[in-house]
Amino acid sequence: MSKLPKPFYSKNGIVLFHGDCLELLPLFPAKSFDMMFTDPPYGVGYVGGHNNRLRVKLAGDENADLYARFLPLIPRIVDGPCYLWFAGANARGVYDAVEDCGFTIANMLIWNKNAIAGAINSCYIPKHEPCLFFKPKGS
């Protein structure tokens, strides 16, 4: 197993690494984390926002395959609750990927965005975002 790279940030017990989770997560020892809270790309092909005049496409957001690629890495290193933000349009794939990894889905949290505003001529913008709360089986 390779060594972890030098942290991007480390202060007062908070350590951040910058890199691709598919490359970094396998480097952590088993049960390294007490919790997972993640907001990965949603797999919806997001292109900028109404304040982003360049309309830059979000890298890695082409499809929802990323869930099936990174979630299998989580049970070995996380020993506790997991929170995963995702796009409602990909709910079926997210649920399947979570259950295929041996997690028990406990609940769904909803962030109600009361003050959302869309750009003129933009696609429908949801006024909420779901967050799936799940944990290792038996915990």
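This is a predicted model: local features need pLDDT of at least 70, side-chain atom pairs count only at pLDDT 80 or more; totals for chains, interfaces and linings use all residues.

## Strand pairing

Strand β4, formed by residues 82-85, is joined to strand β6, formed by residues 128-136, through 4 bridges. These two strands run antiparallel.

## The sheet and its helix

Strands β4 and β6 belong to an open sheet of 4 strands, arranged in the order β3-β4-β6-β5. The pairing within this sheet is mixed. Strands β3 (36-38) and β5 (103-112) stand at the edges with a single partner strand each, and therefore one side of each has no neighbour in the sheet. From one strand to the next, the twist averages 20°.

Helix α4, which spans residues 91-100, packs on the sheet and touches β4, β5 and β6. The direction of helix α4 makes about 145° with that of β5.

## Overall organisation

The protein contains 4 helices and 6 strands. Along the sequence, these elements follow the pattern β-β-α-β-α-α-β-α-β-β.

Among contacts in the protein with a separation of 6 or more, 61% are accounted for by residues 24 or more positions apart.

## Burial and surface

The protein has 139 residues, of which 28% count as buried.

Terms used
Residues are numbered from 1 along each chain as its sequence is written. Side-chain values use heavy atoms; hydrogens and water are left out. Two strands pair if DSSP finds at least two bridges between them. Axes are lines fitted to C-alpha atoms, for helices over the stretch in contact, and angles run from 0 to 180 degrees between N-to-C directions. Contact means heavy atoms within 4.5 Å. Buried means under 20% relative accessible area, exposed over 50%, partly exposed in between (1.4 Å probe, protein chains only).
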